[in-house]
Amino acid sequence: MVNKDNFRNIDPYVPGDQPDFADMVKLNTNENPYPPAPAVLKAAEEFSAGRLKLYPPTDGGALRRELAAYHGISPENVFVGVGSDDVLAVIFQTCFNSGRKLFFPEISYSFYEVWAELYRVPYCKIPLKADFTIDPDDYIGKENGGIVIANPNAPTSMAMAAADIEKIIAANPDNVVVIDEAYVDFGGESVLELTGKYDNLIVVRTFSKSRSMAGLRIGYAIASKELIQAISDVKNSINSYTMNFPSIEVGKASLAEEEYFRTTIAKILKTRERLVKELSDLGFVTFPSSANFIFTTHKSVPAKTIFEELRKKHIFVRFFNKPLINNYLRITVGTDEEVDKLIAGLKEILNK
Ligand SMILES: *Cc1c(COP(=O)(O)O)cnc(C)c1O
C-alpha cells in the first residue's frame, strides 16, 4: 500500500448533487432551464467527427477569435478554458505567487478556498457586512497578494456596483484582481470594459449559466495581453490542448444568437420576480438577486428541514451546511412550471 504521505492532502470542492429522477425539479446547481440557442443545436448536429483525428488549436482558435470580436477586443486579450473553473484554476496557479495573502469574501464561491489550498496560496477570508454585502473598503489599503470577487456574488446572489469594484482595482495596482462574472448577464454591472484601462484586472466569464451550455464546458478570461500570455504559459505547461473541436465549433455558434440569449435571460428575470413574490407570501425573506438564483430564508422553519422535505418530493435546491449560511436556501430560477411545482411543494411542507 502506497504511503499516504506521498499524496496531496486536499478537501475537494463539493458540487451540488446531480440526481436523476424522471419527475424531478432540479433547482440546485444554477443551470439554465432553457435549451441552448438553435444555432448551437445545429452546430452540434453538423459537427464532422472525422476532424477528431487531429489535435485542436492550443488557444481555442476560432472560439477565441469570435469571443474577441463579440467583445470588441483583440484575441490576445482572451484566454479560453474548460469552463470557468478551469480558467480560474490556471489563474490561481499563475497570479498569486507573491507569498502575500490572497483576499476573497468569506461567503463566496467555495472553490476559491479549495484552489488556494491546492496551489498553496496563503489566503485571508474577508467577512461580509451583516447584510451579506461586500464592503469595498475591506480591499483597499490592505497588504494582499491578489483579490478574487464573484460579482454577482454566490451564493448571496447580490451584486456590487462597478464603481466600487473599480475603486478596489485602482487601489491595488501591484496585484491581480479577478472578477468572476459567472452570473453578470442576469443583472450585475460588468467591469469587462475596465480591462482596457487597468492591467491588473482579469474578468472571468462562463457559457454555463446564461448561455445554457454547462455541459459543454466553456469559460474565458479577459485581461491585458501580458496577463493573458502569463496565464497561457502556465496552461501550456500543464496541457496544451484543453479546448476540443466540438467545444470550439459549438461554442462559437452561440455567440451569433444574441436575440435568443437576451430573450432567455428576460424570461428568467421575469420568473425570478414571481418566485421572490410567491416565496414572500409563504414567509420567506429573500436577498435582492442579480443572478439566476435566489438566496432565501424562512421566518420560522429551518432551511435544513425545508431542504430535506423538498428532496423527498424530488425537488432539489441547494443547502450549505456551513456556519453563517446554514439557515438559507439557494434556489435556481427554473421555468415557470418548475417554480409552480416548487411553490406547491413548499405549501404542503409549510401547511399553507
Ligand atoms: C458556476 C460558477 C463557476 C463555474 O462555472 P463553469 O461551469 O466551470 O464555467 C464559476 N464561478 C462561479 C461563481 C459559479 O457560480
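By class, how many nonpolar, polar and charged residues does the shell around the ligand have? In this predicted model, the shell around the ligand has three nonpolar, four polar and four charged residues. The residues that surround the ligand are Gly83, Ser84 and Asp85, then Tyr109, then Asp180, Ala182 and Tyr183, and finally Thr206, Ser208, Lys209 and Arg217. Among the elements of the fold, helix 3, which runs over residues 83–95, gives the most to this shell, with three residues.

Some of these neighbours can be followed down to single atoms. Asp180 has a polar side-chain atom that lies 2.6 Å from a nitrogen atom of the ligand, while Ser208 places a polar side-chain atom 2.6 Å from an oxygen atom of the ligand. For Lys209, a polar side-chain atom lies 3.0 Å from an oxygen atom of the ligand. On its own the ligand has 390 Å² of accessible area, and the protein covers 92% of that area.

Rolling a probe the size of a water molecule over the atoms is a way to show where empty space is left. The lining of the largest pocket is made up of 40 residues, and those that lie nearest its centre are Tyr13, Tyr109, Ser110, Arg318 and Arg330. Tyr109, named here, is also one of the residues that surround the ligand.

The lining can be described by class and by element as well. Its residues divide into 19 nonpolar, ten polar and eleven charged. Helix 3, strand 3 (102–105) and helix 4 (111–118) each supply at least two residues of the lining of the largest pocket, and helix 4 has the largest share, with three residues.

Another loop, between strand 1 (25–26) and helix 1 (38–46), holds Asn30, whose phi is near 60°, a positive value in a residue other than glycine.

Terms used. Residues are numbered from 1 along each chain as its sequence is written. This is a predicted model: local features need pLDDT of at least 70, side-chain atom pairs count only at pLDDT 80 or more; totals for chains, interfaces and linings use all residues. Side-chain values use heavy atoms; hydrogens and water are left out. A residue is near a molecule or strand if one of its heavy atoms lies within 4 Å of it. A polar contact is a pair of N or O atoms within 3.5 Å; within protein, one must be able to donate a hydrogen and the other to accept it, and residues adjacent in sequence count only if both atoms are side-chain atoms. Accessible areas come from the Shrake-Rupley method with a 1.4 Å probe; for residues, only the protein chains shown count as cover. Helices (H or I, at least four residues) and strands (E, at least two) are DSSP runs, numbered from the N terminus. Ala, Val, Leu, Ile, Met, Phe, Trp, Tyr, Cys and Pro count as nonpolar, Asp, Glu, Lys and Arg as charged, and the others, Gly among them, as polar. On a 1 Å grid over the protein atoms alone, a cavity is a set of points where a 1.4 Å probe fits but cannot get out, and a pocket is an open set with protein on both sides within 12 Å along at least five of seven lines; lining residues have an atom within 4 Å of a point.
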